[in-house]
2 protein chains.
Amino acid sequence: MSVEPLVPETKVLAIASHVVYGRVGNTMAAFVMQTLGCEVAALNTVHYSNHLGYRQSKGTKTSADDISDLYVGLKQSYLTDFDIMLTGYAPNAKAVDAIGAIGRDLKLKASTKPGSFFWVLDPVMGDEGRIYVDEDVIPAYRGLLRDADLILPNQFELELLSEIEIRSTLDLTKAITKLHQDYRVPHIVVTSVRFDPLSPFISIVGSTSCADGSPRLFKVDVPAIDCFFSGTGDMFAALTVVRLREAVSNEGLFASKAWQSPDETDALELPLAKAVEKVLGSMHVILQKTKVARDAELEKMSGPQGAIEKDSEKRVHLRKTKAAEVRLVRNLRDLGEPAICHQAQALTKTESWNPARLPQPKGGTA
Amino acid sequence: MSVEPLVPETKVLAIASHVVYGRVGNTMAAFVMQTLGCEVAALNTVHYSNHLGYRQSKGTKTSADDISDLYVGLKQSYLTDFDIMLTGYAPNAKAVDAIGAIGRDLKLKASTKPGSFFWVLDPVMGDEGRIYVDEDVIPAYRGLLRDADLILPNQFELELLSEIEIRSTLDLTKAITKLHQDYRVPHIVVTSVRFDPLSPFISIVGSTSCADGSPRLFKVDVPAIDCFFSGTGDMFAALTVVRLREAVSNEGLFASKAWQSPDETDALELPLAKAVEKVLGSMHVILQKTKVARDAELEKMSGPQGAIEKDSEKRVHLRKTKAAEVRLVRNLRDLGEPAICHQAQALTKTESWNPARLPQPKGGTA
């Protein structure tokens with residue numbers, strides 16, 4: 001990793017889950033941001049033994065009252081001088097509301113100094129058509145949108161927030177525009193877009209709105225990796241915090257409201273686009289390395305006698321899930337100095353987007 | 001920091017406190033070990049807003065049952081393949097007992113492969129004559145000593161464990177020897193020894209026992225820094241885990257029971273001595289930088305009008321405590337590549353140790 005921190009001094013309040021074993025929630029996000037030079041205060045919304053991909057887990061949830069109480073604890077000792085808040089998984093609507101109250105309080109405190117506080121909201125609700133939180137979390141998240149500066153939904157979560165079914169680029173554009181205009185969300189990144197489940201690529205689509213709420217859309221295509229990883233959303237969010245802070249610092253935009261670029265800035269020149277390019281470079285390399293290590297581990301387990309096949313289905317699932325935990329601590333250099341960089345492309349608002357016509361990404365491998 | 005990990009692949013179970021803001025317990029220890037390449041599973045014994053040095057805090061304790069339950073969660077998904085366990089602050093005797101049961105279970109699992117599991121126990125009870133846990137924690141910790149491989153008491157905690165009052169090198173030697181012989185603790189480091197409170201030096205004294213239980217004593221003197229830091233014990237413990245793993249790896253001792261060197265190895269050649277030298281190099285540099293940053297911050301706060309003096313005593317205490325939080329994330333290089341190294345010296349068992357006769361440490365600054 002790089003020796004000098006990428007960002008100016010940065011204090012982040014990170015509200016997300018904690019697991020003892022493995023890398024999801026704050027166990028991923030707080031570590032990534034700290035490794036890249038941010039001072040992170042991690043407020044954990046659950047305390048589980050492991051992530052839910054294992055299909056079994058022990059532990060406790062932090063109640064909404066306890067979340068609020070921890071924040072009161074910070075306030076009473078004057079420990080809330082945060083530049084950025086990153087919020088992720090909350091187990092129920094009450095917890096989402098408690099997090100919303102914290103975000104609003106921090107915004108209020110910073111209201112006389114535009115750009116001095118920035119809220120990155122990852123509205124964790126589900127993926128690929130499946131909701132994994134209580135249903136009342138959806139309206140609770142809609143209630144937070146007006147105060148967030150950047151939101152990071154995946155395609156499914158964007159559908160839930162915008163109430164627009166997304167089957168095409170046109171739908172996607174409509175949904176993003178709706179959030180820019182109806183909820184005044186300044187920055188949006190849709191963290192995984194795929195219209196054809198067989199496509200070898202996933203697209204990441206972002207936009208920073210103009211003053212009138214119209215979008216400035218860009219997309220980055222990355223090769224899909226044939227492996228189910230957990231915690232990649234948290235990794236994306238954490239890297240985006242750092243890389244956006246870096247890009248906004250380079251552009252001198254810290255005193256602009258919500259770090260918004262002037263209208264004349266082109267989509268591809270947005271700090272958000274530059275940030276996402278670097279984020280995906282780091283992620284692709286680390287996930288590739290994880291995939292290679294996972295395959296080697298499963299190969300070793302199956303052995304010459306194919307021992308793994310004799311195990312119960314449950315045991316095999318546990319082995320595979322463990323083997324796919326993101327390999328982070330041995331690959332820290334890739335966080336700070338991604339070897340490859342995926343280039344952003346402009347996405348015109350009405351482009352008919354057919355995955356078959358996607359350009360080949362530069363330097364990527366499937 | 002160094003680009004290549006210092007240690008071979010290492011999985012650590014770290015059981016300690018968690019605070020949202022600041023660096024103590026796992027918020028310090030887990031981060032340090034991960035940054036240096038260890039995969040760390042952090043099981044948090046409390047969830048507080050901030051450390052108790054602020055004299056006020058909000059949050060909850062993890063009950064002994066919840067600690068045990070999280071471990072059951074790990075076991076049921078086969079996630080307990082730990083090489084090392086580091087245990088720190090536990091709020092009461094029941095929690096200490098729950099941690100003990102985890103340690104014993106992991107030892108039992110590893111009993112057919114000597115050296116494949118190593119337990120570093122930091123018996124957090126108090127400092128400088130003041131106990132800050134329930135009184136029944138003391139016998140609970142004595143009950144764990146027989147299973148620990150390395151313990152890290154400070155001078156006061158060593159007194160509590162050994163029931164020997166320590167006023168001289170002779171007392172210290174007796175106390176260490178007692179733990180080696182009566183409890184069969186293979187490795188001991190006393191993390192701060194000072195007989196004269198006005199001495200400009202603090203000594204760190206360590207020993208790895210010979211087969212007959214006799215000690216091999218070494219000490220390292222470091223200049224005392226005139227500032228109260230929190231979390232330094234956790235920082236010491238985490239760095240010791242990494243540096244001992246590194247030194248033992250270099251010596252090829254992983255298959256020896258409790259990583260014990262053969263009797264002919266001299267005190268100054270012990271992996272433990274080599275580890276402590278490097279640990280103190282990193283700590284001294286980072287604490288010096290923290291002190292400089294703290295002084296600058298307090299200076300800035302007091303300003304030309306001496307504003308800080310107008311604050312209430314409580315507010316001044318909160319400011320000072322916050323300013324003294326260890327500056328870690330901007331100084332990661334010092335963890336991996338300490339610029340200075342403090343040299344260990346042999347400590348003969350009956351040496352009359354007068355701080356006034358201490359040699360000047362090499363390269364250190366007061």
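Colleague: Is A:Glu269 to be read as buried, partly exposed or exposed?

Modeller: The general idea is a scale of relative accessible area: buried means under 20%, exposed over 50%, and partly exposed in between (1.4 Å probe, protein chains only). A:Glu269 has a relative accessible area of 42%, and is therefore partly exposed. Please note that this is a predicted model, in which local features need pLDDT of at least 70 and side-chain atom pairs count only at pLDDT 80 or more, while totals for chains, interfaces and linings use all residues. Residues are numbered from 1 along each chain as its sequence is written, chains are lettered from A and ligands numbered from 1 in the order in which they are written, and side-chain values use heavy atoms, with hydrogens and water left out.

Colleague: With which residue does A:Glu269 meet in a salt bridge?

Modeller: Side chains of opposite charge can pair when their charged atoms come close. The rule for a salt bridge asks for a side-chain nitrogen of Lys or Arg within 4 Å of a carboxyl oxygen of Asp or Glu. A:Glu269 meets A:Lys274 in this way, at 3.6 Å from N to O. A:Lys274 is partly exposed because its relative accessible area is 28%. Another pair is A:Glu165 with A:Arg167, where the closest N and O atoms are 2.6 Å apart. Here A:Glu165 is partly exposed at 48% relative accessibility, whereas A:Arg167 is exposed at 62%.

Colleague: How many salt bridges does the rule find over all chains, and how many across the interface of chain A and chain B?

Modeller: The count over all chains is 34 salt bridges. Across the interface of chain A and chain B there are four salt bridges. One pair between the chains is A:Glu39 with B:Arg23, whose closest N and O atoms are 3.2 Å apart. A:Asp81 and B:Lys322 form another salt bridge, at 2.8 Å between the closest N and O atoms. This pair runs from the loop between H2 and strand E4 (84-87) of chain A, where A:Asp81 lies, to helix H10 (residues 313-323) of chain B, which holds B:Lys322. Helices (H or I, at least four residues) and strands (E, at least two) are DSSP runs, numbered from the N terminus. A:Asp81 is partly exposed, with a relative accessible area of 30%, while B:Lys322 is buried at 14%.

Colleague: How is the contact of chain A and chain B to be described?

Modeller: Contact means heavy atoms within 4.5 Å, and 53 residues from chain A and 53 residues from chain B take part. Buried area is the accessible area (1.4 Å probe) that two parts lose on being put together, summed over both. The two chains bury about 4600 Å² between them, 57% of it on carbon and sulfur atoms.

Colleague: By what turn and shift can chain A be laid on chain B?

Modeller: Two copies of a chain are related by a rotation about an axis and a shift along it. Copies are superposed by least squares on the C-alpha atoms of residues with pLDDT of at least 70 in both. Chain A can be laid on chain B by a turn of 180° and a shift of 0.0 Å along the axis, with an RMSD of 0.0 Å. That is the relation of a two-fold axis. The same surface serves both copies, since 100% of the contact residues of chain A recur in chain B.

Colleague: How many residues of helix H5 of chain A are buried?

Modeller: Helix H5 (residues 155-162) of chain A is mostly covered, with seven of its eight residues buried. Among them are A:Phe156, A:Leu158 and A:Leu161. The elements that cover the buried residues of H5(A) include helix H4 (137-142), helix H6 (169-182) and strand E9 (187-193) of chain A. Just after H5(A), A:Glu163 takes a positive phi of about 60°.

Colleague: Where in chain B does B:Ala95 lie, and what does B:Ala95 touch?

Modeller: B:Ala95 lies in helix H3 (residues 93-109) of chain B. B:Ala95 is buried, because its relative accessible area is 0%. Leaving aside neighbours within four places in sequence, B:Ala95 is in contact with B:Ala64, B:Ile67 and B:Ala90. B:Ile67 is 28 residues from B:Ala95 along the chain, and their C-alpha atoms are separated by 7.4 Å.
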